[in-house]
Amino acid sequence: ADLRPCALAMANLTSLSSLELQMTNSTWMLSAFTLAVHKALGPPDDADGTGSSGGFLWSFVIHPLWVFTLCLLRPLSGLESLVLLPRSMILACLTSLRELVLRPGAFLLG
C-alpha cells in the first residue's frame, strides 16, 4: 500500500477521474500538482462525502484543461527520476562508507 500523504489525500477526492488517477500515481510531482489543483479549484465535498458536481466552470473548463495539462506533463515525469537518481547514488555510497568505517570487517562475515 502506498502511504504517501498525496496518495492518501487523493484517495478521498471525489472529483478525481480514473484517467487522472492513472497518470498521477506514477510520480510524486504529478500527484502533488493534481492534489493542489483539486483542493484549490475543485468542487467542495458534501457533508455526506459524496461530492458535488462543481458547476459549469469546473466540469467543462478547469477540469478538462487540467487533464490535458497532465497529458502534456506526463512525459516530463521522467525528469523526476533523473533528479532522484544522483541523490540515491550518493546516499548508497555514504551508507557503504559509514558501514566500512563503523564495522570494517562486517562485509567479510555477513
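Guide: Arg103 and Glu99 meet through their side chains in a salt bridge, at 2.3 Å from N to O. The term means a side-chain nitrogen of Lys or Arg within 4 Å of a carboxyl oxygen of Asp or Glu. This is a predicted model: local features need pLDDT of at least 70, side-chain atom pairs count only at pLDDT 80 or more, and totals for chains, interfaces and linings use all residues. Residues are numbered from 1 along each chain as its sequence is written, and side-chain values use heavy atoms, leaving out hydrogens and water.

Visitor: How many salt bridges does the structure hold?

Guide: It holds 2. Arg98 also pairs with Glu99, with the closest N and O atoms 3.7 Å apart.

Visitor: New topic. Which residues make up the largest nonpolar core?

Guide: Met23, Leu30, Val37, Trp58, Ile62, Trp66 and Leu70. A core here is a set of buried Ala, Val, Leu, Ile, Met, Phe, Trp, Tyr and Cys residues joined through side-chain atoms within 4.5 Å.

Visitor: Which elements give two or more residues to this core?

Guide: Helix 3 (28-41) and helix 4 do. Helix 4 gives the most, with 4 residues. Helices are DSSP runs (H or I, at least four residues), numbered from the N terminus.

Visitor: And what does Ile62 touch?

Guide: Leu41 and Leu57, not counting residues up to four places away in sequence. Contact means heavy atoms within 4.5 Å.

Visitor: What about aromatic pairs: how many?

Guide: The count is 1. Phe56 and Phe60 form a tilted pair, 5.3 Å centre to centre, with 35 degrees between the planes. Ring centres of Phe, Tyr and Trp (its six-membered ring) must lie within 6.5 Å; planes under 30 degrees apart are stacked, over 60 edge-to-face, the rest tilted.

Visitor: How many residues apart are Phe56 and Phe60 in helix 4?

Guide: They are 4 apart, so about one helical turn separates them. Phe56 is exposed, with a relative accessible area of 60%. Phe60 is exposed, also with 60%.

Key
Buried < 20%, exposed > 50% of the residue type's maximum accessible area, 1.4 Å probe, protein only.
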